[in-house]
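Me: I would like to go through this model term by term, asking what stands behind each label. Please set the values against the definitions as you answer.

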Amino acid sequence: MKTTDTGDLWWKNAVIYCLDVETYQDSDGDGTGDFAGLAERIDHLADLGVTCLWLMPFYPTADRDDGYDVTDHYGVDPRLGTHGDLVELIRTAKDRGIRVIADLVVNHTSDKHPWFTAARRSKDSPFRDYYVWRSDPPPDTSGEVIFPDQESSIWELDERTGEYYLHRFYRHQPDLNVANPKVRDEIVKAIGFWLELGLSGFRVDAVPFFMETLGTAESEAERFGDPHDHLRAIRSFISRRAGSAVLLGEVNLPYEEQLRYFGDGQGDELTMMFDFIGNQAMYLALARRDAGPLVDALRARPEIPPDAQWATFVRNHDELTLDKLSAEERDEVFAAFGPQEEHQLYGRGLRRRLPPMLDGDPRRTRMVYSLLFALPGTPTLFYGEEIGMGENLEVPGRLAVRTPMQWSGDRHAGFSPAAPSRLPSQVTTGGFGPEHVNVADQRRDPDSLLTFIRTLVARYRESPELGWAPVEVLDQPHGCVLALWSEVDGEAVVTLHNLGPDAVVVPVDLTRAPGCERLVDLLSEGQVEVDGDGVEIALEGYGYRWLRVVSDGSRRLP
């Protein structure tokens with residue numbers, strides 16, 4: 001790896017920060033966050049060390065699924081601002097070294113989208129084949145629905161024409177027919193439009209559903225061919241238009257199936273994918289206070305193309321899905337972190353943020369975020385994680401974690417001066433409410449979570465080994481400890497994390513680093529002198545250490 005590669009392949013050691021514009025900062029007092037408000041807060045992200053800002057959908061919407069029901073793929077929701085406001089935000093972010101990506105929602109549209117309103121008027125509409133229809137009654141598909149509390153089928157009867165349309169998500173979100181070349185052209189044109197306005201790529205929503213041809217005519221599916229060719233075409237297009245742009249995919253599938261979406265080793269489809277398997281294994285490991293499940297997941301990760309990358313995360317904007325765990329494993333995580341029914345969603349996930357799940361224990365919270373930045377991959381933060389925000393369980397469903405950002409202990413957390421009824425969501429209350437958890441109080445507090453996360457980001461950015469190195473789990477005798485060796489070009493970092501409450505002494509074998517003189521702490525003052533082929537490192541309960549391997553030939557700063 002050359003030093004210049006870290007800039008050329010910027011996503012390999014980026015720090016991604018996801019937010020919803022409407023809940024981040026209201027600049028004009030109307031109760032809704034906007035681009036101008038976000039631009040006012042961009043220095044908070046720069047100070048944190050964020051290098052990539054991921055915007056949740058900002059397009060015009062029927063507002064029945066928090067923006068994921070798009071009515072215009074070329075527009076900006078007027079509540080959030082204008083195209084000019086967005087471009088100014090992108091410019092402001094780039095001035096501070098922050099790239100901006102946005103959600104690409106092309107599996108479905110809103111049923112209020114002009115394409116669908118035209119398609120449902122007549123079977124002869126030129127937009128009819130933009131969607132997937134069937135004339136015969138569908139079979140029972142209740143087992144395939146994503147939101148079982150609200151849907152009983154993935155097909156919905158449209159009474160005007162007497163046919164059924166496909167909707168993998170809500171009935172008000174009809175699926176686009178990706179086998180139709182006109183739809184594919186529309187998708188690519190929309191991508192090109194936003195790249196021209198300055199975006200550095202996209203987080204691609206629901207990739208496996210977006211690529212499926214369920215319900216399309218057999219002849220149409222045959223003409224379409226391999227759906228992965230479509231994903232390759234999109235990757236090729238964005239590479240031509242903006243060579244360093246990324247496609248970050250939501251692909252919640254087993255590892256062997258995820259590999260296909262990287263291009264089966266060719267690296268010509270998705271640039272990055274979220275590691276849902278590793279995330280779920282991490283929560284099982286935390287629940288058991290045993291690193292074993294996470295060790296197994298890391299060792300099971302397949303080798304990916306050199307330009308590709310995993311995106312790691314503690315929390316995202318949806319429910320914390322546990323769908324890849326067995327029923328018994330899921331029950332373990334529920335018992336540890338979501339024992340009440342109101343904590344859970346659809347029997348497969350949690351609608352909580354991390355600090356409340358850990359009962360506010362700062363030791364465990366910091367250990368988990370240290371682990372996030374130490375795991376091989378690109379760390380992704382969800383807004384408010386940097387200060388330890390909690391959820392608001394009075395807000396329904398997945399929206400419990402999408403409450404207004406907590407800037408201060410002032411009215412409405414400093415988010416907006418508007419009346420409560422005009423806010424997009426209720427502000428979190430209780431022990432994790434803004435009077436206890438906010439940016440203003442933590443900014444200059446050297447012992448705050450915000451200061452700690454800022455340090456993690458800085459050390460991560462200074463240690464390309466953590467983003468670029470392949471997985472190497474060190475064998476050691478303590479089941480509660482995860483020990484990772486990250487090495488690139490002869491430079492190495494050892495990270496140790498104790499998932500248990502008891503102090504341990506961890507042996508670290510250094511035979512792979514001949515000439516090692518000392519291990520230097522990266523998160524605190526201190527070092528361990530080396531005399532021989534190994535050392536023993538003390539870890540407190542829920543303790544963590546990042547240690548740089550230093551020898552005479554070391555080129556990185558200790």
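**Values and definitions**

Reply: Helix 6, helix 7 (207–211), helix 8 (218–224), strand 8 (246–249) and helix 10 (255–261) are among the elements that cover the buried residues of helix 9, where contact means heavy atoms within 4.5 Å. The model is predicted, with local features needing pLDDT of at least 70 and side-chain atom pairs counting only at pLDDT 80 or more, whereas totals for chains, interfaces and linings use all residues. Residues are numbered from 1 along each chain as its sequence is written, and side-chain values use heavy atoms, with hydrogens and water left out.

Me: Why is His 230 called buried?

Reply: Buried means under 20% relative accessible area, with exposed over 50% and partly exposed in between, for a 1.4 Å probe and protein chains only. His 230 has a relative accessible area of 6%, and therefore counts as buried. His 230 lies in helix 9 (residues 227–241), and leaving aside residues up to four places away in sequence, His 230 touches Val 178, Arg 184, Ile 187, Phe 210 and Phe 224.

Me: How do you know that the span of helix 9 agrees with its number of residues?

Reply: The expected span of a helix is 1.5 Å times one less than its number of residues, the helices (H or I, at least four residues) and strands (E, at least two) being DSSP runs numbered from the N terminus. For the 15 residues of helix 9 this should give 21 Å, and the end C-alpha atoms are 22 Å apart, so the two agree. At the start of helix 9, a side-chain oxygen of Asp 226 comes within 2.9 Å of the backbone nitrogen of His 228.

Me: What puts the buried residues of helix 4 on the same side?

Reply: The buried residues of helix 4 are Leu 86, Leu 89, Ile 90, Thr 92 and Ala 93. They cover an arc of only 165° around the axis, and therefore lie on the same side of helix 4; the arc is that of the directions from the helix axis to the C-beta atoms. In general, an α-helix has 3.6 residues a turn, so residues three or four places apart point the same way. Those buried residues pack against helix 2 (35–40), helix 3 (42–48), strand 2 (52–55), strand 3 (99–104) and helix 6 (181–196).

Me: Which residue caps the N-terminal end of helix 4?

Reply: Thr 82 does, through a side-chain oxygen that lies 3.2 Å from the backbone nitrogen of Gly 84. A polar contact is a pair of N or O atoms within 3.5 Å, where within protein one must be able to donate a hydrogen and the other to accept it, and residues adjacent in sequence count only if both atoms are side-chain atoms.

Me: Which strands form the closed barrel, and in what order?

Reply: The barrel has 8 strands, running 1-2-3-7-8-9-10-14 with parallel pairing. Two strands pair if DSSP finds at least two bridges between them, and strand 1 (residues 16–19) and strand 14 (residues 378–382) pair in the parallel sense over 3 bridges. Cys 18 has Phe 382 in strand 14 as its bridge partner.

Me: Why does Cys 516 count as buried?

Reply: Cys 516 has 10% relative accessibility, so Cys 516 counts as buried. Cys 516 sits in the loop between strand 17 (504–509) and strand 18 (518–521).
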